[in-house]
Amino acid sequence: MDESPRPPSDQSPPPPPPAQSHTGSPTDFLKGVVGKRVIVRLTSGVDYKGVLSCLDGFMNIALEQTEEHVNGVITNRYGDSFIRGNNVLYISAAEEI
Amino acid sequence: MASQILPLELIDRCIGSKIWVIMKSEREFTGTLLGFDDYVNIVLEDVTEFETTPQGVKKTALAQTLLNGSNIAMLVPGSNGPEDS
Amino acid sequence: MDASVTGIQEPFDLIRLSLSERVFVKLRGDRQLTGILHAYDGHMNLIMSDVEETIMLVDPEGATNGRSVINVAKRKMEMLFVRGDGVILVSPPART
């Protein structure tokens, strides 16, 4: 008789929206990954591997020691590069952060 | 009566769990959800990327990864991904 | 901190430091440009001069064992406005 299901909480107000500062948020990830080696994959499938200098709210990215990889083959190298954020599919850590 | 729970509250409850992310293109990701923001940019850990091509499904393992929300179509909470369903 | 070494706090700093320099620009549609960068804005709209455009034309007919035949077309423009939404990547000359 004590096994009754939890009462529905329809009387209580809805919970507040997600907390802004839970660890693991995109902002926290980006703080941890600046200065580290990353893989940036574009929606086209092209990868850019390099050291993340910085980025902004549009996901525009500045990379150092950039290698362009197409189908696993290096197709270009750039000392520095600016990648426009709308093309970015993901940013993945390529070393421990 | 308005819905009791906002869509992103549901996703917030999935933090720390497996999640399946389906992009607008023929691309999917699974991994452990670490966090997200109001744009539904998503941080995953222990990630597998699935890319469906005419040659078949290509899988890529990734470490911690930030997915750009603008390319995300759907999220499936608690799923291990395409190989699970 | 890394940024103090390079003097780059945000991505656009990289572009700002490339004004009046020859830059490489990768565009959607397999197009590439090299030219002198004169102006840019927050959309990444660009004004470039002395531009050489390279267009990769992949010929699927001539595809052999996965390697498609690629034809390259080049042309030159004296002065060019580039709409920002087509820009994928901008690479400035090597810093010294």
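The conversation below concerns a predicted model.

Visitor: Why is A:F29 called buried?

Guide: A:F29 has a relative accessible area of 2%. Buried means under 20%, so A:F29, at 2%, is buried. The residue is found in helix 1 (residues 26-33) of chain A.

Visitor: Which residues is A:F29 in contact with, leaving aside its neighbours within four places in sequence?

Guide: In chain A they are A:I91, A:A93 and A:I97, and in chain B they are B:V43, B:Q64, B:T65 and B:L66.

Visitor: What makes the meeting of C:K26 and A:E68 a salt bridge?

Guide: The distance from N to O between these side chains is 3.6 Å. The cut-off is within 4 Å, for a side-chain nitrogen of Lys or Arg and a carboxyl oxygen of Asp or Glu; therefore the pair qualifies. Across the interface of chain A and chain C, the rule finds one salt bridge.

Visitor: How do you know that strand 4 of chain A and strand 5 of chain C pair?

Guide: Two bridges join strand 4 of chain A to strand 5 (residues 87-91) of chain C. Pairing requires at least two bridges, so these strands pair. They run antiparallel, and A:F82 stands opposite C:V90.

Visitor: How much area do chain A and chain C bury between them?

Guide: The value is about 1900 Å², with 58% of it on carbon and sulfur atoms. In chain A, the residues that lose the most area to chain C are A:D80, A:F82 and A:R84, together 38% of what that side buries.

Terms used
Residues numbered from 1 in each chain as written. Chains lettered and ligands numbered in written order. Predicted model: local features only at pLDDT ≥ 70, side-chain atom pairs only at ≥ 80, totals over all residues. Heavy atoms only, no water. Helix = DSSP H or I, 4+ residues; strand = E, 2+ residues; numbered from the N terminus. Buried < 20%, exposed > 50% of the residue type's maximum accessible area, 1.4 Å probe, protein only. Contact = heavy atoms within 4.5 Å. Buried area = accessible area lost by both parts, 1.4 Å probe.
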